[in-house]
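Below is a briefing on selected local features of one structure, grouped by topic.

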Amino acid sequence: MQESLIDKIEGPNRRSTTLVSANRYVVLPVEGVNMFMKNSISTSKYNAVTFLPKNMMEQFRKIANVYFVIIAVLQSIPDISNSGGVPNILLPLGLVLTISAIKDMLEDRKRKKSDNEENNRKALVRKNASWQTVLWKDIKVGDIVKVIKDEKFPADLVMLSSSDEKGICYIETKNLDGETNLKHKVASKSTQSLYCDEQALDSLRGDIKCEDPNPMIYQFQGVLKLPGGITAASSEQFLLRGSSLKNTDWITGITIYTGHESKIMLNSSQSKVKFSSNEKQMNNQIIYLFFMQLVLCAFCAVFNVSWLSNQKDNATYLELEKANTNIPYNFVVNFFSWMLLFSNFVPISLLVTLEMVKFIQAIFIAWDLDLYFEETDMPAGVQSSNLNEELGQIHYLFSDKTGTLTCNIMEFKKITVNGNSYGTDLHLSSTDKIPHVDFVDSSFDPKHPNNFEFLLHLACCHTIVTEKKDGVIEYKASSPDELALVNAAKFFGFEFIGRDADQNIELKVFGQFYKVSLLNIIEFNSDRKRMTVVIRLPDGRVKVFCKGADTIILPRLLPDATIDKTFQHLENYGKVGLRTLLIASRELSESEYDEWNATFIDAMNDIHYRDKKIAECGERIEIKMNLLGATAIEDRLQDGVPDTIAFLRKAGIKVWVLTGDKIETAINIGFSCNLLTQEMAQLLVTSARTKDVENEVKEALDNLSTLGGKETALIVSGESLLKIRGDLKKIFIKVCERCKVVIACRVSPQQKADIVKMIRDFKPDARTLSIGDGANDVNMITAAHVGVGIAGLEGKQAVRASDYSIAQFSYLKKLLFVHGRECYRRNSTLICFNFYKNVLLVMPLFFYGMFSVFSGQSFYNTWIYQLFNLFFASGPIVIYAVIDKEMDYKKLLSDPVYYKIGLIGELFSTQKFWEWILEAIAQSMFILIVSVFALCDITGMKNTGKIDPMSVAAVMVYGLVVTFVNVKVLLFSYAHTVFSIGVIILSIMSYYFISAIITDWMPINETLDNFDSYGATGMMLSNPNSYIAFIIVIYSGFFWQPMYSFIKVVFERALTNKTSPKDKQSISMSEAINIYEESKEKPDFMKLRRRNFYIDTGYAFSGEAGHAPQLTDPSFFK
């Protein structure tokens, strides 16, 4: 390789064939100060320095907190202050901010703990001619690192040597791409020969040129200039941070990318604060309420100033001649005096109450035994309790496949050999069961000569590695499909033992030792969709064994009478969701093989176009093959996945599957888990060229019109998604909207996140949820409104980045339809109720202005006024929000229609909010008028003959408000316990008790503000009119609501031509959750373009390359 391949690269407009897109230059050894990024990572939101400013910025994104800061400023102005110039609102505000900050700190502490565990792992670094143990965070670019078997790679490395004499090592990348199968890497021949001796590492001198840090996980290109010469480095030598070493004693490598420049971190999104839609809606309502407050203040100020101007000479008893006559001054003072009187329009207790309630709700979610997975001792977890109600409003669900929907455990179920199908739906008994095989059919005879080559094919055509543990051979595969196939061969008597030093395949065939020479391997990749091995049998014959997708193998077969039968069997297998692939073979003469092998060796030695030339070599021998048969493998779903997905879809939630798997694999899983059905038409967008993708998207939209009401599914590839930009994106969104299901295949972690962001951008009112189990799902999880991590076999990265964590996909059903739905219902009511009770408390002050010419006179006792949210109206609503239960949870889990209240925002919207506010305004006016005229107009004190003062009416008004708000909770609650009713009674009685203490029992004191109200509570309680007025107000105040509901129903019936409420509800429900009957008319499918439309036949293929490239272009949908 010429060094100029890198040196000549200039400017941003580089060709796609450029070896390295941008340069990183590392001189070995790195001397002096290391200018590259440190290897420590941080995924937490805060640190000791940033916690206070960042958290305060988050807190003051809540409009309510800004509002109370403004009130504190107004309270500090003596001329308008109702608190003597002391901003006493800061005390409760500080309490609210402190509680919220502590909650955020505790939740972020989990992330910090995870970061510390990662940064303080230990690794071996070559220093001073020995291996020294250092912490991961102290590793630097240019360090030579040694990784031992089963350890994780501490940074992105370029592999120098391996314990294997051929430089091969096996890695597990479940933390990167979600796959638990093994992949292999191979050191360059020159570095393997030079540095297999550890002492040679001490004299290593040279430099490395490679591309700058980028998020392209499956790509790496660079050049190593070492004493042995110039060596090309590619993805075959590139070891990613987060993956682990398997089946190899050790490897050595040079550190290239560290910390947040490593590819896994570049594919990880920074933790960000999420707010529920209810909180955002609440912020909007606070703004609207504030404008209403300004209007009322302005009205009161104008009225008062006008009255003062007109009555200055008439109301001499008020000594108005001594008052300030400056109209603008009086307006400003009166305006802001009313502003402070109305400060309780926004309940300061709301935020802390909501935070506390959500925290308790999160504890109940974690304690739910139905969400506890006993096998792994894994309960549900809540990392972001502020999103509890968001779980009840999900419109789109984005799911990973492997490990999320499936167990990633393949089981061999059926085969077809020589046109005969074998295998049943029965299951092996526990005594006969072996891993990854569940084949039951006594009619299949493995010893029959016609089956020999088929079974030998299964035992030889793979890349499985064996490992002996306690005398037992364990298989380590680069594909779960291969694991099932090789175990099936073992089950039928063809046991794969391993490979010897010369790569000969060692088998036991019905107990007899059998050796096959492995001559060549052409691995599976996403372009070829097949795998081939060339072997030499003991009798000297050379055989080509090939397995792959039916669509790829069929054109390469010789005509055979069994082909039609085999494909019929494949179709039957596909209908039940089994993963299928064809098995074929060909015999080569010695001369044919020698000629072909020479070409193959040349291709292997070509470092520029190796993959292309190897593929060309494969094309030469993968022809004129004989069909041996086909296999059918079941990827076992997690328990309850089909029922859960069906339930989600019935509820109106659109389910999208985003996976790095192949299209056929994802489609088959879609059928297995009820995501796809045989009646559902499939639209394909899978081309790689921009023009073809554009045509496919537009044709898909046309086909949707042709299909009418038939359910459709869209299957799109990651490569096609890269080409969907600009106006085409809008058309693509229309297609997605009209499809019941969307499956995106071969997508990178960044693409998963971009798809979620696309929906969020184009559907701003829709709520999204992403669920996954691996580090490759972290971007998708953080991009959605709600992220759910599954604690499965693929590590805890997804769990740590998520808002909620569960152990099984099926647990999502209860998380959404019980906890989510109930949290939405309770929290929506809690928010509306808190505003309702405060408006009910404040508005009597406005209506009292009718008796005080809106002078801003205070009506309530100052101390009692401050205790409203603390003692008299807080307990019952908290209990309601935590334990109220509308119906039995089994009912919620049996009918998805109950979830619709969150989908359509039935309980919290602008209309619903202002219905609560208007109700409070009407009730407050009624309370004030009845109380004043019942006590202060017609009754009085016998010993003096004076009528009762306004302070008596104030005690009654306040008492009625307290009673109203507590009875309101009683009425809208569904679950009543002795405790909840007791708290309601206690809240009401506590008011009269505290009021009596302050106004009747304590001595008159300016601090207690009880001079004017002394004895008021006793006078109110001793007046018979109080009890009559109490009954009238309570009954009338709550009678109007059922009356309003009755009138509304009658009115709706009249408008809908006497449609019953039940019928109307069902129509609204069906529209809300998007459920409709299939069209009776069948479309003419022959008119549809078959290029991007077909009915599924279930064909799939197996095999995974050691490092098959995936699409990882982060510019998608930017």
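Why does Cys-210 count as buried? Cys-210 counts as buried because its relative accessibility is 0%; buried means under 20% relative accessible area, with a 1.4 Å probe and protein chains only. This is a predicted model, in which local features need pLDDT of at least 70, side-chain atom pairs count only at pLDDT 80 or more, and totals for chains, interfaces and linings use all residues. Residues are numbered from 1 along each chain as its sequence is written, and side-chain values use heavy atoms, leaving out hydrogens and water.

**Cysteines**
- The structure holds zero disulfides (pairs of cysteine sulfur atoms within 2.5 Å).
- Cys-297 is in no disulfide, and the nearest cysteine sulfur, that of Cys-300, is 6.6 Å away.
- Cys-297 also counts as buried, because its relative accessibility is 0%.

**Helix α19**
- Helices (H or I, at least four residues) and strands (E, at least two) are DSSP runs, numbered from the N terminus.
- Helix α19 covers residues 690-707, 18 residues in total, and its first and last C-alpha atoms are 26 Å apart.
- That span is close to the expected 26 Å, which is 1.5 Å times one less than the number of residues.
- Buried residues in α19 include Val-693, Val-697, Ala-700 and Leu-704.
- Gly-708 follows α19 and has a positive phi near 65°.

- Strands β18 (residues 465-469) and β19 (residues 472-476) run antiparallel and are joined by five bridges; strands pair if DSSP finds at least two bridges between them.
- Glu-467 has Glu-474 in β19 as its bridge partner.
- Two residues lie between the strands of this hairpin, where Asp-470 takes a positive phi near 55°.

Technical notes: Buried means under 20% relative accessible area, exposed over 50%, partly exposed in between (1.4 Å probe, protein chains only).
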